[in-house]
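I opened the model to look up its overall dimensions, its sheet and the packing around that sheet. My entries follow in the order I made them.

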Amino acid sequence: MSVAKRPEQNQTINYPLIVVAVIVWTVISVFVYLYGAEWFMPEAATVEADAVDNLFRFMLAIGTFIFLLVETCIFYFAVRYGFMRDKDDDTDGPPIHGNNTLEIVWTIIPAIIVFVLTIYSFQVLVDTTEAKDNEKEIKVTGQQFFWSFEYPDEQYVLKINHILVVPEDEAVKLSMNSLDVIHAFWVPAFRVKQDVMPGRTTNLRFTPNEHTGLPDPSVIDIYDPTLTVDQLDELDFGYDVVCAELCGALHGRMRGKAFVVTDEEYEQFLEGLREIEREKERQRQEALENLDALKALGRSLFATYGCNTCHQLTDANSLNMGQGPSLNGLEERAATYSGYESAEEYIRTSILNPNAFVVSGYSAGIMPQNFATRITPEDLDILVTYLAAPKDN
Ligand code: CUA
């Protein structure tokens with residue numbers, strides 16, 4: 001068997017073919033830049049969306065060019081030196097030892113691309129996160145597994161679950177906290193996303209510019225506290241709010257809706273929330289004057305704040321022999337603990353600072369320590385009055 005002779009490195013480069021290929025790749029990449037993102041990007045509803053989308057399309061175009069370059073070469077060489085080669089030619093390829101020009105080119109071009117992308121995307125980040133004048137600040141709270149929103153108001157705490165309402169063409173600043181684990185607040189149509197962490201406030205800024213209006217009350221009552229995200233999903237308008245950080249078993253259900261409204265609609269929405277607060281105030285007033293009403297409201301708060309998951313209380317239909325002491329007969333017992341002026345004072349202290357007095361047989365630190373931040377002063381008053389009130393059993 002004779003040793004195959006190595007061919008000389010004498011192949012000429014086909015420059016016209018390369019020029020044609022580069023022109024074709026460039027034209028396709030420009031086309032992708034102009035139209036490529038349209039068909040898979042969600043609708044855009046903020047001023048910031050343009051900047052983010054342009055950056056994305058720029059990266060998509062670069063990616064398209066590199067993809068075409070690599071795939072065309074693979075295809076061309078497979079055909080030219082695979083299928084089309086002379087069947088009798090079993091010679092080796094020419095031995096090539098380095099090519100300085102090529103190495104300089106493929107180092108410098110990617111370095112330039114990365115440099116440009118760094119400057120460009122940093123500029124977009126700065127533009128979309130900088131503080132604007134007259135921002136409307138809305139508080140966002142994430143918890144397993146829903147979002148709640150609190151709107152600024154002089155008189156009341158206007159809080160609602162699942163529903164973000166923002167005025168059109170006004171700069172909005174969300175200030176966000178988590179009550180438990182890390183979540184991420186994301187409205188794809190707004191193109192902005194931010195982690196939401198316990199013990200730390202993070203911000204998100206945007207200026208919505210595509211009006212949606214509010215749902216017709218005859219179709220869906222957004223003020224209904226039992227409203228579910230599934231009911232909101234049935235609406236054919238409004239922008240999806242999602243959690244973008246795997247936060248537990250029901251992470252996928254941690255959703256909501258954002259509505260962009262006119263100034264009048266915004267005021268109308270806040271007025272609806274104020275009306276709910278007024279109604280609650282009436283109920284609380286009634287409860288403090290009427291024992292039956294007090295008990296009804298107290299039982300419901302006992303469940304709302306999850307007291308029934310650990311404490312037995314027959315009056316509230318909680319037969320739980322849980323991690324916490326039974327609260328049956330608390331109204332009589334509480335008054336006897338030394339150091340407290342009244343049963344009410346003992347109960348209030350125990351809710352806000354559970355370790356202040358630990359019932360014998362139980363350990364400190366079992367009850368959540370964060371009720372002081374979770375419970376509203378009004379609800380606390382009712383709950384304390386309810387727990388201190390005489391009960392039948
Ligand atoms: Cu919250 Cu995922």
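I began with a convention for angles: axes are lines fitted to C-alpha atoms, for helices over the stretch in contact, and angles run from 0 to 180 degrees between N-to-C directions. The model is predicted.

In what order do the five strands of the open sheet run? I read E4-E10-E9-E6-E7, with mixed pairing. Strand E4 (163-167) and strand E7 (192-196) are the edge strands, each pairing on one side only. From one strand to the next, the twist averages 20°.

Entry on one strand pair. I then checked strand E9 (residues 239-243) against strand E10 (residues 255-261) and found antiparallel pairing over four bridges. Opposite Val241 I found Gly256 in E10.

Entry on the whole chain. I counted 10 helices and 10 strands in the chain. Which radius of gyration does the chain have? I got 32 Å, whereas a compact globule of 393 residues would have a value near 21 Å. Taken along the principal axes, the box filled by the C-alpha atoms is roughly 105 × 55 × 35 Å.

Of the 393 residues in the chain, 20% are buried. Among contacts with a separation of 6 or more, I noted that 65% join residues 24 or more positions apart.

Notes
Residues numbered from 1 in each chain as written. Predicted model: local features only at pLDDT ≥ 70, side-chain atom pairs only at ≥ 80, totals over all residues. Helix = DSSP H or I, 4+ residues; strand = E, 2+ residues; numbered from the N terminus. Rg over C-alpha atoms; globule rule 2.2 N^0.38 Å. Buried ≥ 20, exposed ≤ 12 C-beta atoms within 10 Å, placed from the backbone. Contact = placed C-beta atoms within 7 Å. Pairing = 2+ DSSP bridges.
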